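Dear colleague,

I am handing over the structure that follows, together with my notes on what was found in it. Please read the notes with the coordinates open beside them.

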Amino acid sequence: MAHNESLVALNGTHISYIGHDSKDIPAFLGDTYGQFARRLDLSFNQLRSLAGLKMFTELEELVVDNNLLGNDLRLPRLPNLHTLTLNKNQLTDIEALLEHLPDATPSLKYLSLLGNEACPNQLVSPDKDEDDYQRYRYFVLHKLPQLKFLDTRKVSRKEVMEAQARGAFMKVVKPKSETPSFDAVTKSHPLPYTPLPQGSKDARNHKGVFAKCRYIYYGKHSEGNRFIRNDQL
């Protein structure tokens with residue numbers, strides 16, 4: 001245990017256990033420091049769970065940046081926790097987390113989720129814009145209206161009012177990049193020949209196209225909806 005404790009940076013009630021590639025919160029942390037720790041920094045590890053926090057009953061600030069925490073993240077009840085930073089983890093859908101936090105962390109005032117896919121911030125998601133980020137803020141504040149700061153920005157009264165009115169409809173969906181685009185699919189797996197002009201094959205730009213065609217179609221009731229070639233006429 002002496003060796004393990006030498007890895008801990010201790011500053012009064014502030015505990016740091018950073019950059020040790022730990023997959024779980026070491027039991028000795030809770031056993032040794034859980035009763036008096038007020039601030040705990042577990043950044044730059046490989047944590048997938050925060051179950052080991054149950055001994056930190058007096059915790060007020062928790063920093064768990066740059067880990068592997070995902071959508072199933074749950075915290076033990078931490079009644080005094082007012083600051084939680086989960087930057088650069090693997091959160092892609094935060095709805096379940098946001099519904100869990102009011103019970104687990106009733107005193108929460110500051111939350112930061114930057115660097116996660118679920119947080120469409122332009123600094124880390126160049127394909128997103130300010131409107132995307134603002135919708136995300138409305139959704140979070142609809143679930144957690146008591147927040148004073150979200151990410152790096154102070155929460156305004158106007159935001160809270162707007163979140164209560166419209167935030168339920170502002171859920172951030174998974175990025176479209178997770179699904180191959182139509183262009184990417186057609187390039188890797190070319191479609192068979194079609195008589196339709198190129199422009200009509202783009203489902204995102206669906207509109208009528210007028211051009212010469214080597215097929216003639218005689219209506220929806222013609223011979224079981226078959227196409228008829230010119231040489232069959």
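**Two helices in contact**

Helix H4 (residues 130-143) packs against helix H5 (residues 157-166) at an angle of about 80 degrees, and their axes are 8 Å apart; the axes are lines fitted to C-alpha atoms, for helices over the stretch in contact, and angles run from 0 to 180 degrees between N-to-C directions. H4 and H5 are therefore roughly perpendicular to each other, in a scheme where angles under 35 degrees count as roughly parallel, over 145 as roughly antiparallel, 65 to 115 as roughly perpendicular and the rest as oblique. Before going further, please note that this is a predicted model, in which local features need pLDDT of at least 70 and side-chain atom pairs count only at pLDDT 80 or more, while totals for chains, interfaces and linings use all residues. Residues are numbered from 1 along each chain as its sequence is written, and side-chain values use heavy atoms, with hydrogens and water left out.

On the H4 side, Gln 134, Arg 137, Tyr 138, Leu 141 and His 142 meet Glu 159, Glu 162, Ala 163, Gln 164 and Arg 166 of H5, where contact means heavy atoms within 4.5 Å. By class, this contact of H4 with H5 has three nonpolar, three polar and four charged residues (Ala, Val, Leu, Ile, Met, Phe, Trp, Tyr, Cys and Pro count as nonpolar, Asp, Glu, Lys and Arg as charged, and the others, Gly among them, as polar). Arg 137, which is found in helix H4, counts as buried at 0% relative accessibility; buried means under 20% relative accessible area, exposed over 50%, and partly exposed in between (1.4 Å probe, protein chains only). Leaving aside neighbours within four places in sequence, Arg 137 is in contact with Leu 150, Arg 153, Lys 154, Val 155 and Glu 159.

**The sheet**

The protein chain has six helices and ten strands, both being DSSP runs numbered from the N terminus (helices H or I, at least four residues; strands E, at least two). Eight strands form an open sheet with mixed pairing, in the order S1-S2-S3-S4-S5-S6-S7-S8, and two strands pair if DSSP finds at least two bridges between them. Strand S1 (9-11) and strand S8 (153-154) stand at the edges with a single partner strand each, so one side of each is left without a neighbour in the sheet. Strand S7 (residues 149-150) is joined to S8 by two bridges, and the two run antiparallel; the bridge partner of Phe 149 in S8 is Lys 154.

**Loops**

Asp 151 lies in the loop between S7 and S8, and has a positive phi of about 60 degrees although it is not a glycine; at 0% relative accessibility, Asp 151 counts as buried. Lys 88, in the loop between strand S5 (83-85) and helix H3 (95-104), also has a positive phi, near 55 degrees, but Lys 88 is partly exposed, with a relative accessible area of 48%.

Arg 77 is found in the loop between strand S4 (61-63) and S5 and is exposed, with a relative accessible area of 52%. Not counting residues up to four places away in sequence, Arg 77 touches Asp 103, Ala 104 and Pro 106.

**The chain as a whole**

Buried residues make up 35% of the 233 residues in the protein chain.

Best regards
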